[in-house]
Amino acid sequence: MSSEQLARKLQHMLDTKPGSPESPEHAQANDEPSPVRADNMTGDATSELTQKLNRRLDIHEGTAKPEQMKVFNPHTEFKEFSRKQIRDMEKMFKRFDSGKDGFIDLMELKLMMEKLGAPQTHLGLKNMIREVDEDYDGKLSFREFLLIFRKAAAGELQEESGLMALARLSEIDVSTEGVLGARDFFEAKVQALSVRSKFEAEIREEQDERKRMEIERKQRRAAFKELQSTFCS
């Protein structure tokens, strides 16, 4: 069975209500063979698609094991975005993560889109999540949230899609920055070479800003003490 056939079979299982004539329970009751796992496939059995389909089947059957937590560093994985852009995205993500569980679920995404002025239907919200839901858990992690802006910068989203509306209305400008947003190959190569120096420059700017604020604070304190001594003398 090919990956495409397995994908269609999995989608059919997810769309079929339990107890219906076409449901997996009914099929098993009639001694029909259960879905063939992708582990038995040959050829592309080790492909990323096959692994994801197996994961989705496990989730559907309730046998999925918790995946090992991977260390995620947005600054190294999403080098096309500046530190400020990632901070802005993180603030937005946390603002709508009302459950404070590190994910944006369907209802939280619904509220987000309403707040942004682009409300979506229930089906539209599910399609938004599905487009970037790499682990098929039905919600958005921060990494998947960043993928929305990566796709927007790369021109990979349809203009009228819910994800494009989210990226456009978020007021986080990613259209002119980033390697993936560059259309010209040579321009992209030049930008890739400058990513590290840009990252280091931003760190230096943050350090200089903190130093400047500390100097100003000391100057204000000294001026206040001088003024205080004048009145007390």
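Author: Contact here means heavy atoms within 4.5 Å. This is a predicted model, in which local features need pLDDT of at least 70, side-chain atom pairs count only at pLDDT 80 or more, and totals for chains, interfaces and linings use all residues. Residues are numbered from 1 along each chain as its sequence is written, and side-chain values use heavy atoms, with hydrogens and water left out.

Reader: What does leucine 166 touch?

Author: Leaving aside residues up to four places away in sequence, Leu166 touches Met92, Leu109, Met112, Met113, Leu116, Met128, Phe145, Ile148 and Phe149.

Reader: Why is glutamate 80 called buried?

Author: Buried means under 20% relative accessible area, exposed over 50%, and partly exposed in between (1.4 Å probe, protein chains only). Glutamate 80 has 7%, so glutamate 80 counts as buried.

Reader: What makes glutamate 80 and arginine 150 a salt bridge?

Author: A salt bridge needs a side-chain nitrogen of Lys or Arg within 4 Å of a carboxyl oxygen of Asp or Glu. For this pair the N to O distance is 2.5 Å, so the pair qualifies. Glutamate 80 lies in the loop between helix H4 (74–77) and H5, and arginine 150 in helix H8, so the bridge ties together parts 70 residues apart in sequence. Helices (H or I, at least four residues) are DSSP runs, numbered from the N terminus.

Reader: How do you know that lysine 151 and glutamate 156 form a salt bridge?

Author: Their closest N and O atoms are 3.8 Å apart, which is within 4 Å, so the pair counts.

Reader: Why is lysine 151 called partly exposed?

Author: The relative accessible area of lysine 151 is 21%, so lysine 151 falls between the 20% and 50% limits.

Note on methods: Helix = DSSP H or I, 4+ residues; strand = E, 2+ residues; numbered from the N terminus.
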